[in-house]
Amino acid sequence: MLVFVIIRILHVRSKVMDSDFAAGEDTAFVNDEISNIIKESIEATIGGNAYQHNKVNQWTSNVVEQCLNQLTKLNKPFKYIVNCVIMQKNGAGLHMANSCFWDNSTDGSCTVRWENKTMYCIVSIFGLAI
């Protein structure tokens, strides 16, 4: 069983000063918004493809990069951590756990599990307010 994991960290700093942000929707980690970014990135990269070992490394990199590009466009004061796992469906188990020590009022995470007939793709994004 082969599992590819790609993790990228991006520190996004707005062009305006942090003190210029008012608390609320503009600076919140919105799970629905992040979930949509993940789903769109996976669909654009993998779509209806069947699992191909020689393409998995490129797929994971592309999913992570597309997520980071879309997160950057949100222009929110966060550091982002993006984690992508692609695994062939072959009956093997996969267990993942994440734990964070952070400020629940400003930081957040979102995980999406996507699958087709031949593979699983699990993407987690962590947003840490700066």
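1. A contact here means heavy atoms within 4.5 Å. Among contacts in the protein chain between residues at least 6 apart in sequence, 78% join residues at least 24 apart.

2. The model is predicted: local features need pLDDT of at least 70, side-chain atom pairs count only at pLDDT 80 or more, and totals for chains, interfaces and linings use all residues. Residues are numbered from 1 along each chain as its sequence is written, and side-chain values use heavy atoms, with hydrogens and water left out.

3. The protein chain has two helices and four strands, taken as DSSP runs numbered from the N terminus (helices H or I, at least four residues; strands E, at least two). Their order along the sequence is β-α-α-β-β-β.

4. Of the 130 residues in the protein chain, 37% are buried (under 20% relative accessible area; exposed is over 50%, partly exposed in between; 1.4 Å probe, protein chains only).

5. Glu33 lies in helix 1 and is partly exposed, at a relative accessible area of 28%. Leaving aside residues up to four places away in sequence, Glu33 touches Leu74 and Lys76. Its C-alpha atom is 9.6 Å from that of Leu71, 38 residues apart along the chain.
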